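Please consult the display below alongside the text.

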Amino acid sequence: WGQAQMGVPRVPRGSAPVTSLLSLAVTSEQIEHLHRRFKQLSQDQLTIRKENFDSIPDLEFNPIRGKIVHAFFDKRNLRQESDGLADEINFEDFLTIMSYFRPIEMNMDEEQLDRFRKEKLKFLFHMYDSDHDGKITLQEYRNVVEELLSGNPHLEKESARSIADGAMMEAASICVGQMGPDQVYEGITFEDFLKMWQGIDIETKMHVRFLNVDTIAHCY
Amino acid sequence: MEVVWAVGQLGAVWLAVLLGLVMLPSALGVSLGISEAYMWVLVKTLEWATIRLQTGAKKPQLQMPRTPTANGIIERDETPMEKEIALLHRADFEFSHIFYFCRKGFEAIVEDEVTQRFSSEELLSWNLLTRTNVNFHYISLRLTVVWVIGVIVRYCFLLPLRFSLAAIGITSMIVGTTVVGQLPNGSVKNYLSEVVHLTCSRILVRALSGTIHYHNKENRPQKGGICVANHTSPIDAIILTNDGCYAMVGQVHGGLMGVIQRATVKACPHVWFERSEIKDRHLVTKRLREHVADKSKLPILIFPEGTCINNTSVMMFKKGSFEIGGTIYPVAIKYDPQFGDAFWNSSKYNIVSYLLRIMTSWAIVCNVWYLPPMVRKEDEDAVQFANRVRSAIARQGGLTELPWDGGLKRAKVKDTFKEEQQKNYSKMLVRNGSVG
């Protein structure tokens, strides 16, 4: 009749102590929830592959679905030294990626907040910069816009392009200032990217907040 | 020799006890109050266990009453897409737009609305069954002892009892309906068939230790109507037939189920379809229409979701049932998961292990609401009517409505659905005058 023990469900052996990675923000309950979700997605295997994300109906709606899934396997996000894409990720990696979406805490000081923000923006940056060269070029940017608009069959490729080009010009003007007619803007580097986001507090927008799921008395 | 005689005597005593305490009251439709006493003891025990769990937990508890139908573990920001993007608006709008979709994507990955409907509802407090012990930690020796006693009671006492009751119930159903089936058609036959069906249903409900509360009995389905209900498990049919007689609709099965089907159809006009006939939608609709048109026939019982959902939400109703015409009598069924999980997760358990789990739970407690009858309006099509009925059922049962198809248990999202969402977003961009 199943396990007779009444202990806490364990994080699988073989993954390094998870708490060191996430320092503070994710409680053990949340880890349990995420672990259960991981098992659901991986169908009880130890690792997840790209195909496992196909089983999420809600995700099908998302125009940048490909980029989001890609982000899970991007070695830069997984904080690994090498570059490129991983084939499969384990629970520890899954948590690493989820940690980019932790909500801010009340007790964070300026320096922590700043680091926090940079981490999240770096994550976004990687999403745009698909060839991993540290710059978002016009072509890469066009790719993203096309994906965002991919659902609408009436919108032509030309329109998507012009939106992308227009936005790129804006970005250039913010980052480099006035450009001469012959100057070529190579691409948005991470520093430029940071500049663009000044004034918008993404920390409060880019997070997934867990509900408090402590056990409570439920007497009739 | 003596052993055999002793066993025989024991068996006879057992049977006599069951006859007196269960079968006779079932036939007469009265209750001896045994179930009520059992439930009272059970509730007291679970309350005690809950309090132990609370005092045992080290951290301070927030007295946030989480409603049993609150769904999900993450807080979702329900701001509509347009508003949220407007908030982030700057000259370089695409960069900020990616936020919205990024976050939505992550929310979906952490938890999606649909997949969680196909697994059992999580409990707020442990109900002393091992199978629900996911979140709860070891608290005290006393609790463990109570749990062990619970296991012994459930497996060594309740399980054999329920099993014998179920066996008796099914056997009497088959025998009873076969006997009644021999009679010539007429009011006597109908009356006897009702008696047999009701008695056997009641025995089966007792076999599950079922406690059912029926609300608004004045709206009970009448003859010549169609009864629709939300679907959680194969037991739903028994829950409903406990209080009235219905004509079942379904596919012909083999094995024990097939025997029951063949026997019951002789006594009462149930509608059983061959596998080949089910594929032909027009044939199905025609036969059901004929049945409904005959006002002397019992109301049909249909579960329009098409598959078992975990009783926290109602998924899309298939429109076929709503094209037949006639009066629809909606019924909402809500199980109380504290005493036993009635949801059949067909991808995880087969029918036998499911029944075993049901019979080793504490009890099946549920509420049944009969809703006022509904008829399709002039300007409504079948789909709109189906949605209207679904809303009524969801509202009454405290369930959420999802626009999803129960078929998602096994298949992927239809492409037409996907395009809708993406069209919305690009329409919005174009409207903002960003093009050209």
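Helices (H or I, at least four residues) and strands (E, at least two) are DSSP runs numbered from the N terminus.

Helix α12 of chain B comprises 16 residues, 382-397, and spans 23 Å from first to last C-alpha, close to the 22 Å expected (1.5 Å times one less than the number of residues). Gly398(B), with a positive phi near 70°, follows α12(B).

## Nonpolar cores

A nonpolar core is a set of buried Ala, Val, Leu, Ile, Met, Phe, Trp, Tyr and Cys residues joined through side-chain atoms within 4.5 Å. The largest has 56 residues, of which Phe53(A), Phe72(A), Phe94(A), Phe123(A), Phe193(A) and Ile109(B) touch the most other members. α4(B) gives the most to this core, nine residues. Another core, apart from it, holds 28 residues, including Tyr335(B) and Cys366(B).

## Surface patch

Val13(B), Val17(B), Leu21(B), Leu32(B) and Ile34(B) form a nonpolar surface patch of about 430 Å². Helix α1 (residues 2-28) of chain B provides its largest share, three residues.

## Basis of the model

Residues are numbered from 1 along each chain as its sequence is written, and chains are lettered from A in the order in which they are written. In this predicted model, local features need pLDDT of at least 70 and side-chain atom pairs count only at pLDDT 80 or more, whereas totals for chains, interfaces and linings use all residues; side-chain values use heavy atoms, without hydrogens and water.

Technical notes. Patch = residues over 30% accessible without salt bridge, like charges linked within 9 Å, V, L, I, M, F, W, Y side chains within 5 Å. Areas by Shrake-Rupley, 256 points an atom, 1.4 Å probe, with all protein chains shown as cover. Salt bridge = Lys/Arg side-chain N within 4 Å of Asp/Glu carboxyl O. Buried < 20%, exposed > 50% of the residue type's maximum accessible area, 1.4 Å probe, protein only.
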